[in-house]
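I opened this model to look up a few residues. My notes follow below.

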Amino acid sequence: MIVVTGATGSIGRALVERLTSSGRHDVLAVVRRPAEDLGCDYALGDFTDPETIGRLLSPGDRLFLNSSLWPGFVDAHRAVIDLAAQAGVAQVVAVSVRGASPGEKLGGGMHGEVDAHLRKSGLPWTILQPTGFMQNLRRDVRDGRLYGSYGPKQVNYIDTRDIAEVAAALLTRPVGPDRDHVLTGPESLSHEQIAEAIGEAIGRPVRYVDLPVPEMAAHLERQGIPQPHAGDLAALMAETGDGRWATTTTTVEDLTGRPPRPLSAYLADHKDAF
Ligand SMILES: NC(=O)c1ccc[n+]([C@@H]2O[C@H](COP(=O)([O-])OP(=O)(O)OC[C@H]3O[C@@H](n4cnc5c(N)ncnc54)[C@H](OP(=O)(O)O)[C@@H]3O)[C@@H](O)[C@H]2O)c1
């Protein structure tokens, strides 16, 4: 069985769709609420109660490990990894983030701790380390403006459908050697270029507004993101804008046989979301 956690998220839905449309009937989605629309078998499970996921696992299963971040994320994911090892799972494909390492800010630090635990779990593992998601850009656009603290340099974004396609390939071919895969989109752009591309796609001008970190933190707080999270998020934007997320890899094409989607393809398919 291919067990997909986070199945209702942007990667998970695309992964389930990819697996079922290729004729697989051995897909089990792990969801927090009934999800008939997924089009595959599902079972209720919640990372906040790891046993609810552990009891769904059987020897030989392939596990896609993914959820969103919350304060209990690290302990919950470590517990599910331990339960997967006890169950005799054949492979874990986990979603992490580019540059993950214990001690890094926000998701980078949390994923770094989970990744370290998975690498020494004894389970066969693959860790996906994607850059920022194109699917999240819409959250940063308000009233014709794209806000950020990235500065003028280029940053790479990936379409989550490409992460799903990589996961589908890894979960359906014979289990390979343990590996980290840094996943990127095909091009890196400045946020001014990204705003311009969004504007062209939606037919209304969008301007990039670059804010110093404290002002960006205040902007995020006004949108309901509490401190210190808002401050860390703004600081993270400035860090990723220093060029560290500008390089591209060929990993998506290497693993799926087709190049990752450019921003223009994402925007053409999702312009109504903006
Ligand atoms: N956002 C980025 O730019 C970015 C970049 C690199 C890496 N990442 C990483 O990618 C992963 C997915 O990120 P996302 O926020 O974009 O995901 P998302 O699309 O919002 O999906 C999250 C999924 O996890 C499920 N989930 C959340 N909490 C859960 C829990 N306690 N138990 C069971 N399922 C739970 C959600 O289910 P419900 O439908 O029930 O909520 C949903 O299916 C995260 O680990 C994130 O750190 C994100």
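I looked for charge on the surface and found a negative patch gathering Glu 192, Glu 196, Glu 200 and Asp 210. The model is predicted: local features need pLDDT of at least 70, side-chain atom pairs count only at pLDDT 80 or more, and totals for chains, interfaces and linings use all residues. Residues are numbered from 1 along each chain as its sequence is written, and side-chain values use heavy atoms, leaving out hydrogens and water.

A patch takes residues with over 30% relative accessible area and no salt bridge, and joins like charges within 9 Å. A salt bridge is a side-chain nitrogen of Lys or Arg within 4 Å of a carboxyl oxygen of Asp or Glu. Asp and Glu count as negative.

Which helix gives the most to the patch? I noted helix H6 (residues 191-202), with three residues. Helices are DSSP runs (H or I, at least four residues), and strands are too (E, at least two).

I then checked Glu 192, which sits in helix H6. Glu 192 is exposed because its relative accessibility is 58%. Buried means under 20%, exposed over 50%, partly exposed in between (1.4 Å probe, protein chains only).

Next I looked up Thr 131, in the loop between strand E6 (125-130) and strand E7 (132-133). Thr 131 is buried, at 2%. Its side chain makes a polar contact with the side chain of Asn 156, at 3.2 Å. Such a contact is a pair of N or O atoms within 3.5 Å; within protein, one must be able to donate a hydrogen and the other to accept it, and residues adjacent in sequence count only if both atoms are side-chain atoms.

Gly 241 counts as buried, at 6% relative accessibility.

How values were computed. Patch = residues over 30% accessible without salt bridge, like charges linked within 9 Å, V, L, I, M, F, W, Y side chains within 5 Å. Areas by Shrake-Rupley, 256 points an atom, 1.4 Å probe, with all protein chains shown as cover. Charge placed at Lys NZ, Arg CZ, Asp CG, Glu CD.
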